[in-house]
Amino acid sequence: MARKDSAGRLTAGELKRVPEPIRSKLALLPDKPGCYLMKNESGQVIYVGKAKVLKNRVRSYFTGSHNIKTQRLVSEIRDFEYIVTSNNMEALILECNLIKQYHPRYNVLLKDDKTFPYIKITGDKHPRLEVTRRVVKDGGKYFGPYPNAYDARETKRLLDRLYPLRKCATIPDKVCLYYHIGQCLAPCEYPVEPGKYEEMVQQITRFLNGGYQEVKAQLQEKMMAAAEALEFERAKEYRDQIQSIETVMERQKIQIPDAVDRDIFGFAVDKGWMCVQILYMRQGKMIERRATTFPFYGEPYEDFMTFVAQYYSENPALPKEILLPLEEDAGGAAAGGKEGAEAGGVRDGGSDGGAEDAVGADGGSNGGAEDAVGTDGGSNGGAEDAVGTDGGSNGGAEDAVGADGDSNGGAGAGEEMLLSESADDSSDDDEARAGSGGVSGDEEDMRESLQRWLKIKVHVPRRGKKRDIVKMALQNARMTLEEKFRLIERDEARSVKACEGLARWLGLPRLRRIEAFDNSNIQGADAVSAMVVFTDGKPDKSEYRKYKVKTVEGADDYATMREVIRRRYERVLKEGLELPDLIVVDGGRGQIAAALDVLENELGLSVPVCGLVKDAKHRTAQLMTGDPPEIVPLPRDSQEFYLLQRIQDEVHRFAIAFHRNVRAKSMIASQLDAIPGVGEKRRKALLRHFGSLKRIREASIEDFRPLGIGEKLAAQILEALREDEAGRDAQQADEARPLE
């Protein structure tokens with residue numbers, strides 16, 4: 001561990017390792033807040049950070065021990081700049097702006113940010129409803145975000161039926177169908193009182209802000225009145241509108257009774273990666289979750305806060321309240337599932353039982369469309385991710401919040417989980433007390449800076465129902481990160497580990513590059529072959545090659561294999577390309593013997609060759625290798641066997657696709673070449689001009705004039721192609737006729 005002297009200065013040994021330009025600047029760093037920009041040898045900004053005390057933070061990069069990712073960052077630093085700010089809030093805003101300006105490679109970048117749909121009431125003279133993903137200050141009213149575009153469109157469709165605002169993007173000259181079905185006031189032909197629009201906008205606003213129960217009750221009264229008056233068609237319309245409200249507006253499962261729009265953040269760190277989980281709560285109900293995973297290079301909590309600041313700098317549609325985790329939660333998250341330290345008498349609930357709140361998370365990747373929170377481990381987690389109501393059975397749990405989203409999508413539509421306060425929790429306890437005991441000064445500064453900047457409430461809850469939801473976000477973040485690593489391990493087992501296992505079965509010292517061959521023809525016509533390459537168990541498509549068979553006539557698979565192997569490895573030797581560790585041929589003893597004969601007796605190469613034998617259903621059945629070839633008893637349920645299946649399926653797909661392409665081109669060429677007066681040059685001109693035989697067949701004689709083809713030849717071309725088409729139709733009709 002590197003050491004500093006009592007004044008915090010770099011020791012002599014450390015100073016020798018720091019480049020001279022940086023060493024001089026480090027001595028001049030001020031004891032003030034601000035931002036710093038790290039640059040590489042070409043002067044490009046590679047990292048932007050903020051600090052409460054610039055001197056301490058910037059020097060820390062060149063002292064002490066760091067993880068591998070931070071070491072990589074530090075190894076590229078050749079210079080730095082800094083900008084002093086008057087307070088932490090200015091530093092936070094400046095950092096966001098600098099990241100947007102320079103897009104440093106080592107910073108958290110929201111360059112592929114997901115935007116959610118909103119419902120907008122335009123601020124026009126004749127307002128209309130629309131679904132948009134862009135929130136701008138244009139006088140319109142925005143409501144959302146919605147879990148996905150389907151939910152937003154369904155809600156808009158419901159509102160269109162209830163409130164007759166205009167539907168047309170531009171005012172037409174006359175009334176349209178919407179007016180006749182009662183869904184538009186037709187401002188194109190009839191005057192509309194200004195107060196009418198204002199009333200409808202207020203009703204829509206109240207509806208989207210949670211007042212749909214009142215609208216539902218009014219519709220129920222109208223339905224009953226229509227039924228009593230024997231107006232059953234109108235009663236059915238009201239009933240359908242009520243059902244639409246229940247379907248669209250009552251899907252959410254988790255609820256807080258205060259009906260406040262809030263975003264809840266949680267994060268987890270492990271192995272140099274961070275996962276940030278955002279839970280979206282609208283009108284007190286959980287509607288959506290979003291997981292973002294990225295590498296980080298600084299302090300976990302500060303990089304997390306940078307993410308939050310960037311997120312809202314890109315998203316002007318702010319909630320009423322933001323809930324953030326405690327800084328100490330980073331330690332619990334990094335522990336990979338271990339419980340964090342007790343804070344304020346409340347421990348982060350896990351599976352151990354005895355905690356006040358037990359939070360579980362086992363999200364599936366195919367949850368129901370109306371569920372909000374899941375752990376599918378992907379950055380695409382949207383409304384399909386799942387929240388179940390798997391009330392915790394762990395002993396002593398007062399409020400068990402489950403996230404057991406399996407493929408069934410959690411609880412049924414209309415069910416709700418109410419997160420209510422415990423009996424001993426007062427309403428004040430429910431609020432986030434950032435200034436309460438155990439909260440660090442830096443954490444409080446960041447919270448206050450974010451709150452002043454965004455001008456909304458930013459809380460760090462320590463107990464109560466809001467802390468429950470923050471813990472849910474933390475748990476989902478941890479589970480998403482763990483799933484990411486499990487997927488990496490699974491992918492490694494299917495690729496690198498499978499190659500290592502296959503090498504042991506074949507007695508090879510290593511197995512990194514595999515080249516596989518397959519032939520394709522129809523009764524010897526249009527014979528082709530294809531080669532695919534797998535590197536470390538994964539397809540390397542840039543190395544794929546196609547071969548048109550040149551020397552073999554008829555359907556001779558062995559001779560075709562000899563030609564292709566010879567052409568491939570003659571070029572490898574000539575150009576000094578990398579030899580494979582294993583060659584895989586599609587076939588058995590004959591194909592293996594043909595490949596080995598060319599490699600050993602003609603080219604003098606010693607490369608292992610194995611063959612994949614298929615069963616009667618054209619599926620991979622056996623692996624053969626050696627001279628003479630013998631069957632390798634590879635278990636059919638092993639990762640090694642699955643790897644060979646993927647290789648065989650891929651080379652077969654590639655060869656078939658190439659053969660179909662060659663065959664289609666040859667068929668076109670043969671039909672045109674058979675026409676007197678059409679040679680190769682004219683054939684290419686026809687195909688270039690018309691694009692296909694079908695278009696040539698459908699053309700008129702005048703269409704051939706731009707190509708310099710006269711009426712007589714044009715008539716011959718059309719007659720020949722149309723006769724061929726009629727002949728094929730007649731043949732197909734004969735084949736379809738049942739035998740007597």
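**Close-up views of a predicted model**

Glu321 and Lys466 are both buried (under 20% relative accessible area; exposed is over 50%, partly exposed in between; 1.4 Å probe, protein chains only). This is a predicted model, in which local features need pLDDT of at least 70, side-chain atom pairs count only at pLDDT 80 or more, and totals for chains, interfaces and linings use all residues. Residues are numbered from 1 along each chain as its sequence is written, and side-chain values use heavy atoms, with hydrogens and water left out.

**View 1. Glu321 and Lys466 form a salt bridge.** A salt bridge is a side-chain nitrogen of Lys or Arg within 4 Å of a carboxyl oxygen of Asp or Glu. Here the closest N and O atoms are 3.2 Å apart. The pair links distant parts of the chain, 145 residues apart: Glu321 sits in strand β11 (residues 321-323), Lys466 in helix α14 (residues 465-494). Helices (H or I, at least four residues) and strands (E, at least two) are DSSP runs, numbered from the N terminus.

**View 2. Arg166 pairs with Asp124 in a salt bridge.** The closest N and O atoms lie 3.0 Å apart. Arg166 is in the loop between α6 (149-162) and α7 (177-180), and Asp124 is in the loop between β4 (118-121) and β5 (129-132). They are 42 residues apart. Arg166 is buried, at 9% relative accessible area. Asp124 is partly exposed, at 40%.

View 3. Asp160 is buried, with a relative accessible area of 10%.

**View 4. Helix α16 spans residues 557-575.** Its 19 residues reach 27 Å from first C-alpha to last, close to the 27 Å expected at 1.5 Å a residue (1.5 Å times one less than the number of residues). At its start, a side-chain oxygen of Asp556 comes within 3.3 Å of the backbone nitrogen of Tyr558. Buried residues of α16 include Met561, Ile565 and Tyr569. After α16 comes Gly576, with a positive phi near 65°.

**View 5. Arg568 belongs to a network of salt bridges.** Shared partners join Arg568 with Arg512, Arg513, Glu515, Asp536, Glu543 and Glu578. Arg568 is one of the buried residues of α16.

Conventions. Polar contact = N/O pair within 3.5 Å; in protein donor to acceptor, adjacent residues only side chain to side chain.
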